[in-house]
Amino acid sequence: MNSNKYELVICIVNEGFSEAVMDAAKTAGATGGTVLSGHGTANKQAEEFFNISIEPLKDIVLIVVPSDIKDAVLKAVYKNVGFNTSGKGIAFSVPIDDAVGIK
């Protein structure tokens, strides 16, 4: 069992899909997040192999959630903006060992 009280959910989606990420996360109990802009670096060989076009501009959404809702947040986010959607998103979490400023 996870002894950490909080997890950081990280979702990387095509640019413009951060609001959809947050809408999904909020349905699972998240209260807010931080959006960063990024640039993907996939190569042409990966695009040809998977027969997809990879949008280089990305939104990175960081969401701190209590550990007990992390799975629900990940599932909701992936359902709404996962790899098989227009958002082409991936999501994962990392445990937070220590944090300040969280109520």
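Mentor: The model is predicted, so to speak of a local feature we need pLDDT of at least 70, and side-chain atom pairs count only at pLDDT 80 or more, while totals for chains, interfaces and linings use all residues. Residues are numbered from 1 along each chain as its sequence is written, and side-chain values use heavy atoms, with hydrogens and water left out.

Trainee: Thanks! How many helices and strands does the protein have, and in what order do the elements run?

Mentor: Helices here are DSSP runs of H or I with at least four residues, strands are runs of E with at least two, and both are numbered from the N terminus. The protein has three helices and four strands. From the N terminus on, the elements run β-α-β-α-β-α-β.

Trainee: What is the order of the strands in the sheet?

Mentor: In general, strands of a sheet pair through backbone hydrogen bonds, either parallel or antiparallel. Here the sheet is open, with four strands in the order β2-β3-β1-β4 and antiparallel pairing. β2 (34-39) and β4 (90-96) are the edge strands, each pairing on one side only. From one strand to the next, the twist averages 25°; the axes behind such angles are lines fitted to C-alpha atoms, for helices over the stretch in contact, and angles run from 0 to 180 degrees between N-to-C directions.

Trainee: How many bridges hold β1 to β4, and how many hold β2 to β3?

Mentor: β1 and β4 pair over seven bridges, in the antiparallel sense. For β2 and β3, also antiparallel, the number is six bridges. You can follow individual residues across the sheet too: V9 stands opposite I63 in β3, Y6 faces I96 in β4, and S37 has D59 in β3 as its bridge partner.

Trainee: Which strands do α1 and α3 lie across?

Mentor: α1 lies across β1, β2 and β3, and its direction makes an angle of about 20° with β3. α3 lies across β1, β3 and β4, running at about 5° to β1.

Trainee: Which residues of the largest nonpolar core touch the most other members?

Mentor: As a rule, in soluble globular proteins nonpolar side chains tend to be buried together. A nonpolar core here is a set of buried Ala, Val, Leu, Ile, Met, Phe, Trp, Tyr and Cys residues joined through side-chain atoms within 4.5 Å. The largest one has 18 residues, of which C11, V21, I63, V65, V73 and V77 touch the most other members. β1 (6-14), α1, β3 (57-66) and α3 (70-81) each supply at least two of its residues, and α3 gives the largest share, five residues. Apart from this core lies another, of five residues, including Y6, L8, I10 and I60.

Trainee: And which residues is V73 in contact with?

Mentor: Contact means heavy atoms within 4.5 Å. Setting aside neighbours within four places in sequence, V73 is in contact with V9, A25, A28, A30 and V65.

Trainee: Is S18 buried or exposed?

Mentor: Buried means under 20% relative accessible area, exposed over 50%, and partly exposed in between (1.4 Å probe, protein chains only). S18 counts as buried because its relative accessibility is 16%. Its place is in helix α1 (residues 18-27). Not counting residues up to four places away in sequence, S18 touches V13, V35, D59 and V61.

Trainee: What about K70: buried or exposed?

Mentor: K70 is buried, because its relative accessible area is 18%. This lysine sits in helix α3. Beyond its neighbours within four places in sequence, K70 is in contact with E7, V9, V65 and S93.

Trainee: Where is G82 found, and is G82 buried or exposed?

Mentor: G82 is in the loop between α3 and β4. With 1% relative accessibility, G82 counts as buried. Leaving aside neighbours within four places in sequence, the contacts of G82 are V77, G87, K88 and G89. The C-alpha atoms of G82 and S37, 45 residues apart along the chain, are separated by 18 Å.

Trainee: To finish, what share of the residues counts as buried?

Mentor: Of the 103 residues of the protein, 35% count as buried. The C-alpha trace spans about 45 × 25 × 25 Å along its principal axes. Among contacts with a separation of 6 or more, 78% come from residues 24 or more positions apart.

Notes: Pairing = 2+ DSSP bridges.
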